[in-house]
Amino acid sequence: MSFMQVVDLKVHYPIRGGFFNSIIDWVYAIDGIDMELEKGKTYGLVGESGCGKSTTGKAIIGLEKITSGKIFFEGEDVTKERKSRTSHFHREVQMIFQDSHSSLNPRKQIRDILAEPIRNFLNLTPHEERKKIDELLEIVGLPSESKEKYPHEFSGGQKQRINIARALATNPKLIIADEPVSALDLSVQAQVLNFMKDVQKKFGLTYLFISHDLGVVKHMCDYIYIMYKGRFVECGTKKDIYENPKHLYTKRLLASIPSLIPVGREKRKQARQEFEKVYEQHIHKAFDENGRVFDLIPISNTHYVSAASAKEVV
Ligand SMILES: Nc1ncnc2c1ncn2[C@@H]1O[C@H](COP(=O)(O)OP(=O)(O)OP(=O)(O)O)[C@@H](O)[C@H]1O
């Protein structure tokens, strides 16, 4: 039994028009995709804007109406609409979105934001609930006093940590992360990505990581699906995709990353030597939330990772 399986999934949106507002055409947002996710791994879903990535995430979690196909979670058929899915599914599968700000209710204190999923899914006493909220804040590296505050009192990176804390509140097994760092400043992106990796290790989470950025996906994912116009044109391990891309579209996407981390053993060796030489010039200093300095290195035009993990990859 696979952890999660998506079979021939289609989501088609009708386009209405004319005098009677009848259906005049269809958008084939997802047009027959198959996926198989294994527990504890990170899967990347990559492609350019409009190719159907977000629709895939939303269809899996039940926020989009499925035209046809099947979704199985731990052997259970969960293809039906979200409201008809079991509370087991709602508890075990969570989603975080790009816009960390608008996904937090500005009128609620952090304590109430985190209490909501706890009250919906876990049967805790008020004392246990308070303890759980403190634990969640500790996991995401925020001080306990944060629970008295409101979302506007936090930075973008801290807000995304609160979103992650909320997603973790129900002890999920799968987190679908839709562009979780693309709205954040570059130095904060690396912090949040590395933090997500730590949380994954700690709780054995599976991630479905949606991104248009192959640099970020390379840093995060074990297995990658390349999406183009509602279909997968290629899928494979990180090594398959980056070292031996088959489809022209994947090659084009890869070519668009001016990467410091090239493909192929020989080239990597050269790059390591080069890396050591130019390390000092490429390094960017950043500060974490506790004011500690750390080094960042660019992996694409728009994304940075910590220099320590870039060294590992090169
Ligand atoms: N509710 C809707 N009604 C009609 N068309 C839609 C709807 N939602 C999405 N679409 C269309 O479906 C296609 C896929 O959209 P989707 O948001 O999944 O793409 P994406 O790959 O996530 O893009 P981005 O990276 O820009 O978020 C697009 O052509 C989009 O315009």
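The points below go from the whole chain to one helix pair and then to one strand.

1. A word before you start: this is a predicted model. The chain holds 11 helices and 13 strands, and buried residues make up 36% of its 314 residues. Of the contacts with a separation of 6 or more, 64% are between residues 24 or more positions apart.

2. Have a look at helix 5 (residues 156-168) and helix 6 (residues 186-203), whose axes lie 10 Å apart at an angle of about 20 degrees. Angles under 35 degrees count as roughly parallel, so helix 5 is roughly parallel to helix 6. Their crossing is right-handed.

3. Which residues meet there? Helix 5 brings Gly 156, Gly 157, Gln 160, Ile 164 and Leu 168, while helix 6 brings Val 188, Gln 191, Val 192, Met 196 and Val 199. By type, the residues of this contact divide into 6 nonpolar, 4 polar and no charged.

4. Next, please turn to strand 3 (residues 42-46), where 5 of the 5 residues are buried. Thr 42, Gly 44 and Val 46 point one way from the strand, and Tyr 43 and Leu 45 point the other way. In a regular strand, side chains alternate between the two faces of the sheet.

5. Strand 3 also has neighbours to trace. It runs parallel to strand 8 (residues 206-211), with 5 bridges joining the two; Thr 42 has Tyr 207 as its bridge partner in strand 8. Strand 3 is parallel to strand 9 (residues 223-228) as well, through 4 bridges, and Gly 44 is partnered there by Ile 224.

Note on methods. Residues numbered from 1 in each chain as written. Predicted model: local features only at pLDDT ≥ 70, side-chain atom pairs only at ≥ 80, totals over all residues. Buried ≥ 20, exposed ≤ 12 C-beta atoms within 10 Å, placed from the backbone. Contact = placed C-beta atoms within 7 Å. Axes fitted to C-alpha atoms, helices over the stretch in contact; angles between N-to-C directions. Parallel < 35°, antiparallel > 145°, perpendicular 65-115°, else oblique. Left-handed = near helix turned anticlockwise from the far one by under 90°. Nonpolar A, V, L, I, M, F, W, Y, C, P; charged D, E, K, R; others polar. Pairing = 2+ DSSP bridges.
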